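Morning, everyone. Let me put the model up, and then I'll walk through a few local features.

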Amino acid sequence: MSERIWRHLHLCPSGDPDGTIVDAALAVRDGNIEWFGPASDLPAELSSWPSEDLGGAWVTPSLVDCHTHIVFGGHRADEFAMRLAGVGYEEIARRGGGIVSTVRATRAADEATLLDDAARRLEPLIVEGVAAIEIKSGYGLDLATERKMLRVARELGRRYPVSVYTTFLGAHALPPEFAGRPDDYIDEVCERMLPALADEGLVDAVDVFCERIGFSRAQSERVLDAAARRGLSVKMHAEQLSANGGTALAARYGALSADHLEFLDEAGVAAMKKAGTVAVLLPGAYYFIRETQLPPVDLLRRYGVPIALATDCNPGTSPSASLLAMLNMGCTLFRLTVTEALQGVTCHAARALGRSDRHGVIEVGRRADFVAWSVETLAELAYWIGRPLASRVVRAGVTVFERGSFLPRAIGDGP
């Protein structure tokens, strides 16, 4: 058996600084948490275990990035320059740019190239303390490339110390070969692509971009219905650019999350509360496309809807590989509190993945996934921009990163 005591730490087991245990100890056996609490209360039968002193470090649950698109080909820096010159996001999409330009690059890239490029985006997140990540497809828009993307996502989970959860986002945009035929493409998504990929074990959840430059409510409902028939969890890109009732539709299907939500109205918030759907806010995209419509944070608070934060790492609207930067943006742009931001990347983010039983909190019996931080107060996690803060990242009781030494060892658990 592998037994260890981690001593002399300020332990924040739920992501809420008010629940911190000062001068705590954390006992791990065979990769799982055996006991934690004030060091003075350490049970006698554990006192002889090998121990390590963390020197008073703050310790939180490992982080969860619950919305990413990190597997893609190429980049869209030139489109960024176009937006700076005054061309709007929707106009770029109509000119054949946007998502479709990434589709071309992703279709052209081989699997090895996609894996190498995605790994470079994943490694900084692991070093920041991310132990679970959602990776969406949606830059293939044909069966072969969607399969390729999802295979790469699964391989990342095998090679790196991170739990990868895959989401099929075939209904992300209309591919060029289906121009003018969106209903035919939804047929392809629902009747051919989704069944094949699900049967191959590549899909954990299904997403759809319900928006005026994406798919209508009726088309989105067909995707959600196809996922539900296969017993798959659903999510939705909703209310990012306009108020169209997509969130209420997602909630009707018991969606794990509705994401973006800048144009969400009170009826949508009420539907989310009733369904238990998590609000995933994506401040990186809000910042990068210079949006001015704020998501209704006060309404979400009033209704008690859990709020998660994520990087939305993607080439067009949020080229970010820092979840800690999203904490800062969530606080500065959306006026979240530090506690809301921390819980937004721990317990609430885990819930947005449907994995609150595995990630997001430190609890007896769970796997020992946690981060030790080089900070004097947890508020620093949402305060600093671009400063390395994790001094140690532990997965299943094994240190996978220490300051100055990245150890990309897999733990072989899978989702």
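Ala-24 stands opposite Pro-38 in β3. The strands here are β2, residues 21–29, and β3, residues 32–38, and they run antiparallel. Six bridges join them. Two strands pair if DSSP finds at least two bridges between them. β2 and β3 form a hairpin, with two residues between them. In that turn, Asp-30 has a positive phi of about 50 degrees.

A word on the source. This is a predicted model, where local features need pLDDT of at least 70, side-chain atom pairs count only at pLDDT 80 or more, and totals for chains, interfaces and linings use all residues. Residues are numbered from 1 along each chain as its sequence is written, and side-chain values use heavy atoms, with hydrogens and water left out.

Labels next. Helices are DSSP runs of H or I, at least four residues, and strands are runs of E, at least two, numbered from the N terminus.

Now the helix packing. Take α4, residues 111–127, and α5, residues 143–159. They pack at an angle of about 50 degrees, axes 10 Å apart. Axes are lines fitted to C-alpha atoms, for helices over the stretch in contact, and angles run from 0 to 180 degrees between N-to-C directions. α4 and α5 are therefore oblique to each other. The cut-offs: under 35 degrees is roughly parallel, over 145 roughly antiparallel, 65 to 115 roughly perpendicular, and the rest oblique.

α4 passes α5 in a right-handed crossing, meaning the near helix is turned clockwise from the far one by less than a right angle. On the α4 side, the contact (heavy atoms within 4.5 Å) is made by Glu-111, Leu-114, Leu-115, Ala-118, Ala-119 and Leu-122. α5 brings Lys-148, Arg-151, Val-152, Glu-155, Leu-156 and Arg-159. That divides into seven nonpolar, no polar and five charged. Nonpolar is Ala, Val, Leu, Ile, Met, Phe, Trp, Tyr, Cys and Pro; charged is Asp, Glu, Lys and Arg; the others, Gly among them, are polar.

How do α5 and α6 lie to each other? Roughly parallel, because α5 and α6, residues 182–199, pack at about 30 degrees. Their axes are 10 Å apart. α5 passes α6 in a right-handed crossing. Leu-143, Glu-146, Arg-147 and Leu-150 of α5 meet Arg-192, Met-193, Ala-196 and Leu-197 of α6.

Last stop, Lys-274, in α9, residues 266–275. Buried or exposed? Exposed, at 79% relative accessibility. Buried is under 20% relative accessible area, exposed over 50%, partly exposed in between, with a 1.4 Å probe and protein chains only. Lys-274 and Val-305 are 31 residues apart in sequence, and 9.1 Å apart C-alpha to C-alpha.
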